[in-house]
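Work through the exercises below with the sequence and the model open. Try each task before reading its solution.

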Amino acid sequence: MKVMGIVFSSDADLGDLTDKRTMASIPYGGRYRLVDFALSNLSCAGVRHVGIVARHNFQSLMNHIGDGEEWGLELSEGGMEFLTPYASSNVHTYRGKLESLYSAMDFLEFGGDNELVVMMDASILCNIDLNKVLNSHVASGKDVTVVTKAGVADGKRMLDLAIKLDDKGEVEDMVVDYAATADYLASMDIFVTSKTWLMDRVKELIAHNRFHMDRDLVLGGWQRGRVSLNVFRFDGVVMYNDSTEEYFANSMALIDKDVRHDLFGRNHPVYTKVRDRVPTYYGENCQVSGCIVADGCMLGGNAKSSVLFRQVEIAPDAEVENCVIMNDSVVGKGAQLKNVILDKEVTVTPGARLFGTAKNPIIVKRGETV
């Protein structure tokens, strides 16, 4: 069973965090990017032919992935490829995932002898054994397998796709872009199907002016009796990053060791670009508690319940609480920060005071001084 993978960089708007980078390249967890989880899931399942679909602001993503060595992928035809608009077609904006697949049809057509395709969204984080998903798909004999998570639907949260099963485990109902109730399973935007079947359906749907994976391919096909669906239920930690609030909450959740263990060690390691730095320096009077701390930091002040990326500096008498501070940022002497996200290379001047809330954290753009 030979498998190829496609990773979509979500178009979700996270304000200043996605102003100059695509969603997949947002830093996470002190040393990772969101895309690392999808690439690691595919790599550890033995998938070596991977296409990365990015619509805009993808330079930082390309810089991060480089030649793909860290994930055991090779940046070349037949290995890993960036499927960007200018590189794959004359379509510069995608109206949906099906259109992005249509513009990358060459990648699918010349995908060697791969039989199956795994499609994932980089904005949804999990550590999943894709071999179990692939085996479930083959055993089911269905057209499409969708990976789902219970406990996400609550009647309030808008879901891209939600599925209700009957007593026999078959699909009873399906909704898109709807706040489904708790008896529905939320899609994790992981789909498995055969390459030939997918290519045929994409060409057909695009010809009928239909562009969306969830609404047109899955829901529409199921309603017309043309798509049979297998549902795989995942029981591990899943992190959706559809908003700044969710990204901030998911970053803070890493402080819980059970969440960390599940997300980073449940099935396999999570790989990322290697950047070796000196060990973090802890000053004589600093106090650090409940934090994720990367290497290369200089900590002279106090930090509590925060995520500190590489080479962060916190000066003496500074106070940092419930914050995400990205690479090479400096918090000046006596500054006070709470519920703040500092993008890369931010300078907080001595004595500055920044106070956000968990639902509305303050975001400081990359390279700014406040």
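**Exercise 1.** Locate Ser 305 and decide whether Ser 305 is buried or exposed.

Solution. Ser 305 sits in the loop between β18 (302-304) and β19 (307-308); strands (E, at least two residues) and helices (H or I, at least four) are DSSP runs, numbered from the N terminus. This is a predicted model: local features need pLDDT of at least 70, side-chain atom pairs count only at pLDDT 80 or more, and totals for chains, interfaces and linings use all residues. Residues are numbered from 1 along each chain as its sequence is written, and side-chain values use heavy atoms, with hydrogens and water left out.

Next, take the accessibility. Buried means under 20% relative accessible area, exposed over 50%, and partly exposed in between (1.4 Å probe, protein chains only). Ser 305 has 19% relative accessibility, so Ser 305 counts as buried.

Last, list contacts (heavy atoms within 4.5 Å). Leaving out residues up to four places away in sequence, Ser 305 touches Met 252, Ile 255, Ser 289, Gly 290, Cys 291, Asn 322 and Cys 323.

**Exercise 2.** Find the strands that pair with β11.

Solution. Start with β11 itself (residues 185-194): 9 of its 10 residues are buried. Two strands pair if DSSP finds at least two bridges between them.

- β6 (residues 116-121) is joined to β11 by 4 bridges, antiparallel; Val 118 has Val 192 as its bridge partner.
- β8 (residues 144-149) is joined to β11 by 5 bridges, antiparallel; Thr 145 has Val 192 as its bridge partner.
- β9 (residues 159-165) pairs with β11 over 2 bridges, antiparallel; Ala 162 has Ala 186 as its bridge partner.
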